[in-house]
Amino acid sequence: MKQGVELLKTLRIGRVEKYLIENIEEKGAIHITLLDPDKDNLNLVNRAVEAEKAGTSAIMVGGSIGVSESILDDVIISLKEKVEIPIILFPGNISGVSRHADAIWFMSLLNSATTYYLVDAQAQGSLIIKKYGIEAIPMGYIIVGEGEAAGFIGQARIIPYTHPELAAIYALAGELLGMRFIYLEAGSGAKQPVPESMVRTVRRTISTYLIVGGGIKTAEQAKRIVRSGANIIVTGTVVEEENVERRIGEIVRAVEEGVN
Ligand code: 1GP
């Protein structure tokens, strides 16, 4: 028993991760909204408030380009004044860290061709995260399909949709390395979200929580991806468009309906 308690302590499951896990266990699957701090001309805080009203479970903040720590600080401080749900950093680089966030996806781009996005950026960011006392949630990030800006910047050896088994072995490697979440990323603005066949193959291979994002714009797409085994659906572009509350509301309901 004592050993188990000690083990749990070493896992360092913090408040935000516990919240995500409890929400997934209760609902089967959840929706998270991604805000790109580079789009600060879009009045991100109001959009986040609408997304929260629509039932999104958390806000992720990050992007591949144009992010600095001071820009992030400003965005997150304003967000914290208006929304209750957790704010989780989604860093594209070490500049994607802010002491004001509730947690950070401590992520490794598993299919990057460069060690920088695999482990060097994480090494550089690690001490800052420890100093700031930010909750780190270990996550394996895999870029698939076209990959969009994230794939280009991350120098990913992007896995084609025709090879779901390759996505599955990278996901499994992440799980065996101890990552508690695996993120299949089609890239923001992807024309085609991650196909159901790839989500299903990865789901069958791993038992950790599965996040899917990139190119999801409709309730139907979200429902199908959840039905294929995703636990978290991330959308970014939808929150930058018109009718945020209605559209995210439809996606949130579809996510719940997609649970088998
Ligand atoms: C990108 O998966 C996210 O990291 C969101 O993508 O902007 O296409 O919703 P979209």
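Colleague: Are Phe-90 and Tyr-183 buried or exposed?

Modeller: Both Phe-90 and Tyr-183 are buried. Keep in mind that this is a predicted model.

Colleague: How many aromatic pairs does a search of the whole structure find?

Modeller: The search finds six aromatic pairs. In one of them, Phe-90 and Tyr-183, the ring centres are 5.5 Å apart and the planes meet at 15°, so the pair is stacked.

Colleague: Why does 15° count as stacked?

Modeller: Planes under 30 degrees apart count as stacked, and the rings of Phe-90 and Tyr-183 are at 15°.

Colleague: Where in the chain do those two sit?

Modeller: Phe-90 is in the loop between strand 3 (87–89) and strand 4, and Tyr-183 is in strand 6. They are 93 residues apart, so the pair links distant parts of the chain. Ring pairs also bring in Tyr-141, giving a cluster of Phe-90, Tyr-141 and Tyr-183.

Colleague: On to pockets. Which residues lie nearest the centre of the largest pocket?

Modeller: Gly-63, Ser-64, Phe-90, Gly-92 and Tyr-141 do, out of 48 lining residues. Elements that give two or more residues to that lining include strand 4 (103–109), helix 5 (115–132), strand 5 (135–143) and strand 6 (181–185). The space in the largest pocket is about 780 Å³.

Colleague: What is the lining like by class?

Modeller: For the largest pocket, the lining has 24 nonpolar, 18 polar and six charged residues.

Colleague: And what lines the second largest pocket?

Modeller: Thr-10, Leu-11, Arg-12, Lys-130, Ile-134, Ala-136, Pro-138 and Arg-180 line the second largest pocket. Helix 1 (2–11) and strand 5 are the elements that give two or more residues to this lining. By class, the lining divides into four nonpolar, one polar and three charged residues. The second largest pocket holds about 200 Å³ of space.

Colleague: What about cavities, how many of 30 Å³ or more are there?

Modeller: The search of the whole structure finds one, and the volume of the largest cavity is about 30 Å³. Its lining is made up of Lys-27, Ala-29, Ile-30, His-31, Gly-55, Ser-57, Val-252 and Glu-256. Strand 1 (30–35) and helix 10 (244–258) each give two or more residues to that lining.

Colleague: Change of topic. Where is Asn-111, and is Asn-111 buried or exposed?

Modeller: Asn-111 is in the loop between strand 4 and helix 5. Its relative accessibility is 1%, so Asn-111 counts as buried.

Colleague: What does the side chain of Asn-111 have a polar atom 2.9 Å from?

Modeller: That is the backbone oxygen of Ile-143. Beyond its neighbours within four places in sequence, Asn-111 is in contact with residues including Tyr-141, Ile-143, Gln-155, Arg-157 and Tyr-170.

How values were computed: Residues numbered from 1 in each chain as written. Predicted model: local features only at pLDDT ≥ 70, side-chain atom pairs only at ≥ 80, totals over all residues. Heavy atoms only, no water. 1 Å grid on protein atoms, 1.4 Å probe; cavity = no way out; pocket = protein on both sides within 12 Å on 5 of 7 lines; lining within 4 Å. Points joined across faces, edges and corners; volume = space filled by probe spheres on them. Helix = DSSP H or I, 4+ residues; strand = E, 2+ residues; numbered from the N terminus. Nonpolar A, V, L, I, M, F, W, Y, C, P; charged D, E, K, R; others polar. Buried < 20%, exposed > 50% of the residue type's maximum accessible area, 1.4 Å probe, protein only. Polar contact = N/O pair within 3.5 Å; in protein donor to acceptor, adjacent residues only side chain to side chain. Contact = heavy atoms within 4.5 Å. Phe/Tyr/Trp six-rings, centres within 6.5 Å; stacked < 30°, edge-to-face > 60°.
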